Amino acid sequence: MEFRHMKPGDRAEMQAFYQEMGEESTYFFNRGHGNENLTMSFFEKELPNHEFFVMTEGDRVIGLSFLWDIHSLVPWFGIAVRESYKGKHVGTAMLEAVLDILKARGCGGLLLTTAQNNYRGQGLYEKCCFERLGVHPSGEFLYLGRVSEEEVQKTIRN
């Protein structure tokens, strides 16, 4: 597996990634095609406040993560894993890689929201040392993942 920045040549793979997205992922990650439209807009125009990453196996995209508000000390985060790769620790690997990048940049952490019934996502975030802060105005749970040497090492050891 390789974790890297998304690049223009990934367009067809990203379309396939979203086309193969199951009902659960569509509900939690891509309601109304919002994240799909955002991701695909990467291939059409510059998005100066966003950064996209993919996890690949060979030429196949098996995971997507992105950041927005990238110039802030605590950017927002989104993540999705290809259906056939769920349960294979792809999400953990992507999240750890993003945390390492942010640590190297001197960022303080990551913010994210997730549906209150997204138990798989909550398990990932809490395993990776995220703290549930409460309920976001959207009705989703708000999580903060702090970037510190201690937290990153604890995540890697688990």
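**Close-up views of a predicted model**

His-89 is exposed, because its relative accessible area of 55% is over the 50% mark.

View 1. His-89 belongs to the loop between S4 and helix H4 (90-105), and its phi is positive, at about 70 degrees, although the residue is not a glycine.

**View 2. Asp-69 in the loop between two strands.** Asp-69 is found in the loop that joins strand S3 (60-68) and strand S4 (76-81), and, while not a glycine, Asp-69 has a positive phi of about 60 degrees. Is Asp-69 buried, partly exposed or exposed? Asp-69 counts as partly exposed, because its relative accessibility of 30% falls between the limits of 20% and 50%.

**View 3. Helices H4 and H5 where they cross.** Two packed helices are described by the angle between their axes and the distance between the axes. In this view the axes of H4 and helix H5 (residues 119-127) come within 10 Å and cross at roughly 45 degrees. The crossing in which H4 passes H5 is right-handed.

**View 4. The largest pocket and the elements that line it.** How much space lies in the largest pocket? The largest pocket holds about 810 Å³ of space, and of the 38 residues that line it, Ile-79, Ala-80, Asn-118, Gly-121 and Tyr-125 are the closest to its centre. Several elements each supply at least two residues of this lining, namely helix H2 (23-29), helix H3 (34-41), S3, S4, H4, strand S5 (109-114) and H5. When the residues of the lining are sorted by class, 16 are nonpolar, 15 are polar and seven are charged.

**View 5. Thr-26 and Tyr-27 on helix H2.** Thr-26 lies in helix H2, and Tyr-27 lies in helix H2 as well. Thr-26 is partly exposed, with a relative accessible area of 29%, and Tyr-27, at 40% relative accessibility, also counts as partly exposed. Thr-26 and Ala-80 are 54 residues apart in sequence, and 9.6 Å separates them in space from C-alpha to C-alpha. Tyr-27 and Asn-118 are 91 residues apart along the chain, and their C-alpha atoms are separated by 9.5 Å.

**View 6. Tyr-85 in the loop between S4 and H4.** Tyr-85 has its place in the loop between S4 and H4. Why does Tyr-85 count as buried? Tyr-85 counts as buried because its relative accessibility, 12%, is under 20%. Tyr-85 and Asn-37 are 48 residues apart along the chain, and a distance of 22 Å separates their C-alpha atoms.

**View 7. The largest cavity and its lining.** A search of the whole structure finds two cavities of 30 Å³ or more, and the largest cavity contains about 40 Å³ of space. Which residues line the largest cavity? The lining is made up of Phe-17, Glu-20, Met-21, Val-81, Arg-82 and Glu-83, and by class these residues divide into three nonpolar, no polar and three charged.

Notes: Residues numbered from 1 in each chain as written. Predicted model: local features only at pLDDT ≥ 70, side-chain atom pairs only at ≥ 80, totals over all residues. Heavy atoms only, no water. 1 Å grid on protein atoms, 1.4 Å probe; cavity = no way out; pocket = protein on both sides within 12 Å on 5 of 7 lines; lining within 4 Å. Points joined across faces, edges and corners; volume = space filled by probe spheres on them. Nonpolar A, V, L, I, M, F, W, Y, C, P; charged D, E, K, R; others polar. Helix = DSSP H or I, 4+ residues; strand = E, 2+ residues; numbered from the N terminus. Buried < 20%, exposed > 50% of the residue type's maximum accessible area, 1.4 Å probe, protein only. Axes fitted to C-alpha atoms, helices over the stretch in contact; angles between N-to-C directions. Left-handed = near helix turned anticlockwise from the far one by under 90°.
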